[in-house]
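Hi,

Here is the structure I promised to pass on. Have a look at it first, and then read my notes below.

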Amino acid sequence: MAEPEAQSDAGQIGGRRMVTAPVAASKSRLLTGRLRILPALACGVLMALGQAPWNLWYAALAGLVLSMALFSLQRGSRAALAVGWGVGTGYFGLALNWLTEPFQVDAAVTAWMAPFALFFMAAGLALFWGLAFWGAAQAPRSRLFALVATWTLAELARGYLFTGFPWGLVGYLWEPTDAIQWVSWTGSFGLTLVTLALAALLSRALRGAWRPAVAGLVLLAALLWGGTQMLPPLQELAGRPVVRLVQPNAPQTQKWDRDYIPIFFERQVEFTAAPAQDGLPRPELIVWPETAVPRLLENAEAELRVITDAALPARVVLGIQRSEGYDYYNSLALVAQGPKVEAVYDKHHLVPFGEYMPFKELFRHINVSGIAARAEGGYSAGPGAQLLDLGGTFGNALPLICYEAVFPQDLRAAARPELLLQITNDAWFGNFSGPYQHLAQARIRAIEQGLPMLRAANTGVSAIIDGAGRVLKSLPLGEAGFLDARLPPPLRVTFYSRIGDLPLLGLLALLMVLAFAPRRGDFD
């Protein structure tokens, strides 16, 4: 008589294929045991695909929903922390892959640091998310409800604490869609809150709850359809002043090479003197990128004379370094014929470890090539945000040097201008993801404020952006050239430009009270 197949991995009961206990236990360990870090990392990587250059917002939303579902399966606070940290490490590890690029500029000295820098940056930022997951696991009420609040608080903390680094906020996954227009009302942190609430509702649907599923689909439709309805028509540009953006395309490995400095300088002068494009009149304002002039401002009279003669009758905004005593500044100068320096702005929101070294005393005693030496250098911070009077039909501009366009709060630190003016050197970010993510955040700043932005980038992407975040004209990444265009007018005084992030903090405080106040019952 044949033996029953009692030892097989699967049997048939009632015509259904049943998974045996060992297989089920293996799956359980993958989701709730020590291996939970693997699906958490995968969720984070999937979320990162919503960032440029991939722009797969639907993949990012799916990763976010799965992250919420994975959190719901965890029963302890330590397990929740591990999942949050894993999601964050996967997310930042992919989204911030460009962080390895600056270490390749002086590869012989610093290339070995690149993988360590990326890992520790990703793992460090992931602690914000890990703590958010840990905190939500303490909630006596709906843990998903609590996670929406704590995760939003973590993103706010990431944007403000330790000088801030709000790069790649969760809400930015909507950047490729019209839903990004909501930042004109909510700001980027507010849109992050809405996005997390949407993911929480959809994650409930994975557990068979139909009411949250319907609510989630309605919210998703409202985000997409509402964003489309908020998108204003293109503005009439006839009669608006003409501007020129100059893009020299100087790779960072050559930018300060003595043999290449004259080549890049002459290239910019040639672009400045060139006839107008597309039947437009000569530009009234010409913009060069960050650190475009290879001389300190106080020693650059000869270079400025060449530049302003080539620009005549336009004035020129350019990036240049300057010194004052023992302090050095990463600056922007407005120069006119003469040459006459009409205004100077010093960058105030500096890049830690890039433009200055925190904890100088510590690094002076660390005998690591390339770090101890840098502890002695770096820039000093300027006094803060200020307006630049461009005169005539231009009005006041808010200058932003590179990294400063990443911070929503920096754009509200001065009186409302007529336009935003960013100069940057994205050669530091390589030619894959970093420059495109930086451009995306510049677009979002324009939408938040309802203001046009002029963006001159050394290697690209230089662009004219209107107050709805539309790129009206641009120069591709990695190409030398210039573009002429009429400056779009200010679009609207947005709700977010009036209120900032303070009301969001009040709302989050209320949500935290509701989530953590002792009460019987659980809505998960």
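L35 counts as partly exposed because its relative accessibility is 44%, which falls between the 20% and 50% cut-offs. Bear in mind that this is a predicted model. You'll find L35 in the loop that runs between helix 1 (21–32) and helix 2 (37–48). Together with L30, L31, L38 and L73, L35 makes a nonpolar surface patch of about 400 Å².

Next, go to strand 6 (residues 327–336). Of its 10 residues, 8 are buried, so the strand is largely enclosed by the rest of the structure. On one side of the pairing story is strand 5 (residues 315–324), which runs antiparallel to strand 6 and is joined to it by 9 bridges. Here I320 stands opposite S331 of strand 6. The two strands form a hairpin with 2 residues between them, and G325 in that turn has a positive phi of about 65 degrees.

Strand 6 also pairs with strand 7 (residues 340–346), again in the antiparallel sense, over 6 bridges. In this pair, A333 stands opposite V344 in strand 7. This hairpin has 3 residues between its strands, and G338 in the turn has a positive phi of about 155 degrees.

Last stop: N425, in the loop between strand 10 (419–424) and helix 14 (434–449). Is N425 buried or exposed? At 2% relative accessibility, N425 counts as buried. Leaving aside residues up to four places away in sequence, N425 touches Q252, K255, E290, T291 and N458. With N458 there is also a polar contact of 2.7 Å between the two side chains.

Cheers

Note on methods. Residues numbered from 1 in each chain as written. Predicted model: local features only at pLDDT ≥ 70, side-chain atom pairs only at ≥ 80, totals over all residues. Heavy atoms only, no water. Helix = DSSP H or I, 4+ residues; strand = E, 2+ residues; numbered from the N terminus. Buried < 20%, exposed > 50% of the residue type's maximum accessible area, 1.4 Å probe, protein only. Polar contact = N/O pair within 3.5 Å; in protein donor to acceptor, adjacent residues only side chain to side chain. Contact = heavy atoms within 4.5 Å. Patch = residues over 30% accessible without salt bridge, like charges linked within 9 Å, V, L, I, M, F, W, Y side chains within 5 Å. Areas by Shrake-Rupley, 256 points an atom, 1.4 Å probe, with all protein chains shown as cover. Salt bridge = Lys/Arg side-chain N within 4 Å of Asp/Glu carboxyl O. Pairing = 2+ DSSP bridges.
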